[in-house]
Amino acid sequence: MSLQTLRTDWFSNVRGDLLAGIVVALALIPEAIAFSIIAGVDPQVGLYASFAIATLSAFVGGRPGMISAATGAMALVIVTLVKQHGLDYLLAATILAGVLQIVAGWLRLGQLMQFVSRSVVTGFVNALAILIFLAQLPELTHVSWHVYAMTAAGLAIIYGLPQLTRAVPSPLVAIVVLTAVSIALGLEIRTVGDMGQLPDSLPRVLLPQVPLTWDTLRIILPYSATLCVVGLLESLMTATIVDDMTDTTSSKDRECVGQGVSNIAAGFVGGMAGCAMIGQSVINVKSGGRGRLSTLAAGVVLLILVVFLGAWVRRIPMAALVAVMIMVSIGTFNWRSVVDLAVHPRTSSVVMLATVVVTVATHDLAQGVLAGVLLSGVFFAHKVRRILDVTSLQSPDGRQRTYVVTGQVFFASAERFVGRFDFQEKPERVRIDVSQTRFWDLTSVEALDRVVLKLRRGGAQVDVGGLDQSSAQLVERFGVHHDPAAVGRPVGH
């Protein structure tokens with residue numbers, strides 16, 4: 001790492017990073033407790049995980065300013081494991097998931113983000129904004145009017161203070177002011193302390209008490225593999241979004257390795273698996289955080305707050321944090337995408353909406369993104385398939401027919417390719433000019449074999465010309481039509 005990179009990543013925005021880190025730490029506490037409850041473990045499991053993951057990812061992650069910690073998506077994956085086998089197996093699964101993520105980084109799987117379309121990213125962002133908002137509704141139902149008043153006041157401070165000054169992050173001011181008001185007026189409203197017991201000691205290194213046997217591996221591997229995929233998917237998507245928000249770039253492969261190292265550490269200090277959090281990352285960026293120092297501050301301040309200042313943290317009203325998360329939801333949603341539905345290509349809009357619907361319906365970001373990516377692939381294949389064209393010319397004497405193929409021949413266009421040839425006509429010679437096309441897979445080679453062998457059975461002498469090097473290698477290796485003995489032989493044998 002060069003001195004310039006060190007200065008840029010760590011010390012170019014010290015004040016903004018530290019203040020943003022404090023805001024994120026305060027918002028992380030109820031989230032980590034809630035995710036622990038979802039997973040069926042003690043609140044300290046989520047809190048220790050958030051501390052370890054945020055702190056380590058500040059050093060080894062690939063995206064400065066991005067916040068990683070315990071998340072709801074990862075908690076949902078491990079619910080069954082915890083119920084059936086207990087906490088120690090969860091810790092072992094977390095460590096193995098980290099190892100798998102490191103391997104993924106070494107294999108440069110972070111480059112797969114290049115295959116995620118902009119429509120999928122937009123759908124992912126919008127779905128997450130909706131889920132963040134829906135997650136706040138339990139705090140706003142069947143409550144007294146004081147909660148609504150406090151939430152409204154929090155939003156007023158968050159959006160109004162920047163009009164006067166940006167010296168201090170408005171979400172931090174909202175949390176401090178509403179906590180002071182709640183304590184001064186003695187309001188009977190839900191606080192952070194009502195969500196679960198905060199730890200009162202520093203985390204210590206633990207070795208999961210599981211037998212080192214194949215049976216243990218058989219139990220934890222499916223969960224670890226799922227944690228690895230879900231964690232990397234959310235982290236890489238979040239990194240892409242933060243890239244856009246800050247007009248900077250990040251190393252996706254380094255992020256894979258960084259998430260792996262962080263999860264291994266989380267497992268060894270008694271924490272659950274985690275990954276990047278888009279909501280907290282948006283809070284960080286909007287509060288002025290840009291560098292690695294903000295991520296480190298979030299992790300360290302989180303630990304200080306829950307261990308040494310727990311008595312005060314317990315008194316923070318949930319209404320204040322709800323206001324912050326509503327701000328995140330509003331700021332995360334891509335409002336322009338609603339207008340773009342009328343002007344963007346229909347297929348792009350369908351992909352975006354499908355990603356939103358599947359994600360919100362399943363509460364699983366991985367399933368939503370997978371649905372969007374698959375739809376994008378189908379639409380792309382359909383579009384490329386339609387570009388394929390085959391034109392034909394007959395020689396003046398009627399003895400030769402020349403077919404000129406343009407476009408791409410692959411599994412989706414193979415039947416279209418075969419259907420453009422006339423097998424009823426009986427010319428003496430047929431020339432197939434493929435200099436303006438490429439054969440991409442076994443299905444395309446099989447289609448070329450079918451065409452050539454059918455024409456030969458009709459008595460024509462067939463010449464295929466213009467194969468590029470890549471197509472020629474594929475045809476020579478897997479095709480049969482260039483073998484004279486193939487005449488009369490069933491295609492594919």
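Student: In E6, which residue is the bridge partner of Ile-432?

Tutor: Val-464 is the partner in E6. Strands (E, at least two residues) and helices (H or I, at least four) are DSSP runs, numbered from the N terminus. This is a predicted model: local features need pLDDT of at least 70, side-chain atom pairs count only at pLDDT 80 or more, and totals for chains, interfaces and linings use all residues. Residues are numbered from 1 along each chain as its sequence is written, and side-chain values use heavy atoms, without hydrogens and water.

Student: How many bridges join E5 to E6?

Tutor: Two strands pair if DSSP finds at least two bridges between them. Here five bridges join E5 (residues 429–439) to E6 (residues 461–465), and the strands run parallel. Asp-433 stands opposite Gly-465 in E6.

Student: Through which helix does the chain cross from E5 to E6?

Tutor: Point the strands away from you; a crossover is right-handed if the path from the first strand over the helix to the second runs clockwise. The chain goes through H19 (residues 442–457), and this β-α-β crossover is right-handed. H19 lies across E4, E5 and E6, at about 170° to E5. Axes are lines fitted to C-alpha atoms, for helices over the stretch in contact, and angles run from 0 to 180 degrees between N-to-C directions.

Student: What joins E4 to E5?

Tutor: Nine bridges join E4 (residues 400–409) to E5, and these strands run parallel. The chain crosses from E4 to E5 through H18 (residues 414–419), in a right-handed β-α-β crossover. Tyr-403 has Ile-432 as its bridge partner in E5. Val-404 has Asp-433.

Student: What is the strand order of the open sheet?

Tutor: The four strands run E3-E4-E5-E6, with mixed pairing. E3 (389–394) and E6 are the edge strands, each pairing on one side only. The twist averages 15° from one strand to the next.

Student: Now the helices. At what angle do H2 and H3 pack?

Tutor: H2 (residues 14–39) and H3 (residues 43–60) pack at about 130°, with axes 7 Å apart. That makes H2 oblique to H3. Under 35 degrees counts as roughly parallel, over 145 as roughly antiparallel, 65 to 115 as roughly perpendicular, and the rest as oblique.

Student: Which residues meet there?

Tutor: Contact means heavy atoms within 4.5 Å. Ile-29, Ala-32, Ile-33 and Ser-36 in H2 meet Pro-43, Val-45, Gly-46, Leu-47 and Ser-50 in H3.
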